[in-house]
Amino acid sequence: MSTSTPLPGAPFFHFHDGALHVEQVPVAALAREHGTPLFVYSQAALSAALAAYQAGFEGRNVSIHYAVKANSNLSILRFFAQQGCGFDIVSEGELERALAAGATPEKIVFSGVGKTRHEMRVALGYQIGCFNIESEAELEVLNEVAQSLNVRAPISLRVNPDVDAQTHPYISTGLKNNKFGIAHERALAVFQRAAQLPHIAVKGIDCHIGSQITTEAPYLDALDRVLDLVDAVEAAGIPLSHIDCGGGLGIQYQDEKPPVASDLWAKMFARADARGYGERHFMVEPGRSLVGNAGICLTEVLYLKPGEEKHFCIVDAAMNDLPRPAMYQAYHTITGVQEAATQNLASAPLYDVVGPVCESGDWLGRDRHLHLQQGDLLAVYSAGAYSMSMASNYNTRPRAVELLVDGSHVRVVRQRDTLAQMMQAEQLL
Ligand SMILES: *Cc1c(COP(=O)(O)O)cnc(C)c1O
């Protein structure tokens with residue numbers, strides 16, 4: 001990292017008296033007490049990320065629906081519920097989690113391309129706020145399920161604005177050639193069909209163009225494309241009560257400088273105002289940008305393995321804990337937890353930081369300059385989103401402990417899996 005690049009998650013993760021702290025707590029003490037791998041979240045960082053959105057929405061009619069899949073820990077969900085947020089869910093499991101954490105059902109929107117009839121029935125039973133419909137076939141099935149319960153299902157159509165979010169192909173969702181949403185050209189016809197279905201109530205329109213988006217242009221382009229459809233749909237006599245712009249705003253992993261939510265939304269509203277839509281009810285579904293920089297993963301260096309071409313640093317966290325590098329070749333900043341070890345890195349040896357899992361894809365960072373000794377602790381940054389929520393028990397490794405820190409107050413929000421838990425659902429024949 002260059003000296004001009006702040007630590008991801010700064011100022012909530014910061015060096016103080018030579019040691020890495022989360023808010024007021026030295027992380028090394030947390031690792032000693034709770035073991036590693038260990039996820040540590042900063043509540044002040046969650047607050048600050050949410051405040052950046054809220055600042056952009058002042059005087060506007062906007063509701064925030066936190067995307068549960070980014071980090072579905074119950075205490076994280078409760079924090080957002082207590083701040084007045086709704087939730088964007090993609091499964092029955094996420095629905096039950098959100099409700100267990102105190103969510104208001106009317107503030108829940110249900111996204112995802114493959115909702116089952118069972119999931120639809122459960123969500124209708126709770127009277128959630130909106131189903132974000134992703135295909136014509138799904139619309140017909142939801143109408144049938146709602147009919148069987150003698151209710152009307154509130155829906156929005158997820159349209160595919162066909163804009164390039166310029167992000168990794170696996171997390172780009174707004175282009176024509178992917179499985180998400182209804183093609184722009186089909187959208188009006190599908191809205192007309194929805195308006196005729198007796199057990200469907202058309203509420204809105206939504207889009208979600210991708211994730212880890214670090215520029216403003218794709219959002220503004222998508223908004224224009226969506227507003228074109230709002231014009232057409234309303235001209236056809238189908239009023240829309242909300243416009244949901246999805247999530248996708250990026251965070252800092254390395255040296256990215258993604259737009260600040262409030263700046264982005266100042267521009268979004270300028271565009272909406274210019275087209276006469278500034279007073280509408282807008283919705284957003286941020287995930288990563290609310291939690292990603294609010295967490296780190298602490299891991300211990302088990303072994304150093306010098307090689308001819310490169311050195312390996314084998315740590316006790318792995319792809320089952322932090323799947324993003326293996327899945328998307330994603331970069332996470334990694335540092336030691338003593339400030340001295342983060343200086344003069346140009347002269348430090350080059351390592352691949354790898355986990356113990358039996359896969360060559362099991363790496364956390366490649367070609368990193370690090371001053372290291374066996375037994376050192378490393379911090380993997382930007383681990384608040386799509387890390388623990390994607391964690392698995394591969395190699396029968398327990399999922400890690402999670403802590404939520406508020407000032408000097410530390411709370412365990414998830415215990416490490418036990419060996420008994422990992423085997424509990426299985427039958428021994
Ligand atoms: C994943 C997802 C989100 C959240 O995306 P982030 O990039 O984490 O902000 C929002 N809406 C939908 C439909 C999603 O699938």
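This is a predicted model: local features need pLDDT of at least 70, side-chain atom pairs count only at pLDDT 80 or more; totals for chains, interfaces and linings use all residues.
Q: How do you know that the span of helix 2 agrees with its number of residues?
A: Helix 2 covers residues 43-56, which is 14 residues. The expected span is 1.5 Å times one less than that number, and therefore comes to 20 Å. The end C-alpha atoms lie 20 Å apart, so the two values agree.

Q: What makes serine 42 a cap of helix 2?
A: A side-chain oxygen of serine 42 is 3.4 Å from the backbone nitrogen of alanine 44, at the N-terminal end of the helix. A polar contact requires a pair of N or O atoms within 3.5 Å, so this pair qualifies.

Q: Which residues of helix 2 are called buried, and why?
A: They are Gln43, Ala45, Leu46, Ala49, Leu50, Tyr53 and Gly56. Each is called buried because its relative accessible area is under 20%.

Q: What makes up the lining of the largest cavity?
A: Tyr53 belongs to this lining, together with Tyr219, Cys245, Gly246, Gly247, Leu249, Leu264, Trp265, Val284 and Pro286. Eight of the lining residues are nonpolar, two are polar and none is charged. The space inside is about 60 Å³.

Q: Why is the lining of the second largest cavity called nonpolar?
A: Its residues are Cys207, Tyr219, Ala222, Leu223, Cys245 and Met268. Cys, Tyr, Ala, Leu and Met count as nonpolar, so the class count is six nonpolar, no polar and no charged. Helix 8 (residues 217-235) provides the largest share, three residues. This cavity has a volume of about 30 Å³.

Conventions: Residues are numbered from 1 along each chain as its sequence is written. Side-chain values use heavy atoms; hydrogens and water are left out. Helices (H or I, at least four residues) and strands (E, at least two) are DSSP runs, numbered from the N terminus. Buried means under 20% relative accessible area, exposed over 50%, partly exposed in between (1.4 Å probe, protein chains only). A polar contact is a pair of N or O atoms within 3.5 Å; within protein, one must be able to donate a hydrogen and the other to accept it, and residues adjacent in sequence count only if both atoms are side-chain atoms. On a 1 Å grid over the protein atoms alone, a cavity is a set of points where a 1.4 Å probe fits but cannot get out, and a pocket is an open set with protein on both sides within 12 Å along at least five of seven lines; lining residues have an atom within 4 Å of a point. Grid points are joined across faces, edges and corners, and a volume is the space filled by probe spheres set on the points.
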